[in-house]
Amino acid sequence: MVEATLEKRIQRLEDIEAVKQLKARYAACCDDDYDADGIAALFTEDGIWDGGQMGCYDGREAIRAFFSTSDQIVPFAIHHVTNPLIEIDGDQATGRWYLWQPCTFAENNQGLWMAGTY
């Protein structure tokens with residue numbers, strides 16, 4: 001087994017931290033009344049946001065359009081993302097987080113907790 005150099009090990013840690021910061025910015029934009037411009041800016045032009053039952057949006061403009069009305073559906077939300085598992089492979093990364101989210105749905109002013117994984 002070839003041991004990674006100190007430079008490569010530090011780069012891996014910096015890459016992991018960059019992914020964590022990206023996820024934190026995403027959560028902050030969501031909790032800022034679903035800042036559609038801010039959220040869209042976090043994605044590449046050909047990025048995909050896949051929300052399962054909430055829909056799948058292909059491309060930055062489709063993502064922006066979806067989030068531009070999200071605050072009307074979910075007027076209050078706080079995204080708590082925990083337990084990041086991030087794998088770095090060259091210039092590719094994958095991540096997994098748990099989500100705990102207290103929120104309010106506009107319909108019936110219904111408050112609840114959502115849980116899931118990213």
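Me: What makes a contact in the chain count, and what share comes from residues 24 or more positions apart?

Reply: A contact means heavy atoms within 4.5 Å. Of the contacts with a separation of 6 or more, 38% join residues 24 or more positions apart. This is a predicted model, in which local features need pLDDT of at least 70 and side-chain atom pairs 80 or more, while totals for chains, interfaces and linings use all residues. Residues are numbered from 1 along each chain as its sequence is written, and side-chain values use heavy atoms, leaving out hydrogens and water.

Me: Why are some residues called buried, and what percentage of the chain is that?

Reply: Buried means under 20% relative accessible area, with a 1.4 Å probe and protein chains only. Of the 118 residues in the chain, 26% are buried, so that share falls under the 20% cut-off.

Me: How do you know which helices and strands to count?

Reply: They are DSSP runs numbered from the N terminus: helices are H or I with at least four residues, strands E with at least two. The chain has four helices and six strands, in the order α-α-β-β-α-α-β-β-β-β.

Me: What makes residues of the largest pocket nonpolar, polar or charged, and how many are there of each?

Reply: Ala, Val, Leu, Ile, Met, Phe, Trp, Tyr, Cys and Pro count as nonpolar, Asp, Glu, Lys and Arg as charged, and the others, Gly among them, as polar. The lining therefore divides into 20 nonpolar, nine polar and three charged residues. Helix α1 gives the most to this lining, with five residues.

Notes. Buried means under 20% relative accessible area, exposed over 50%, partly exposed in between (1.4 Å probe, protein chains only).
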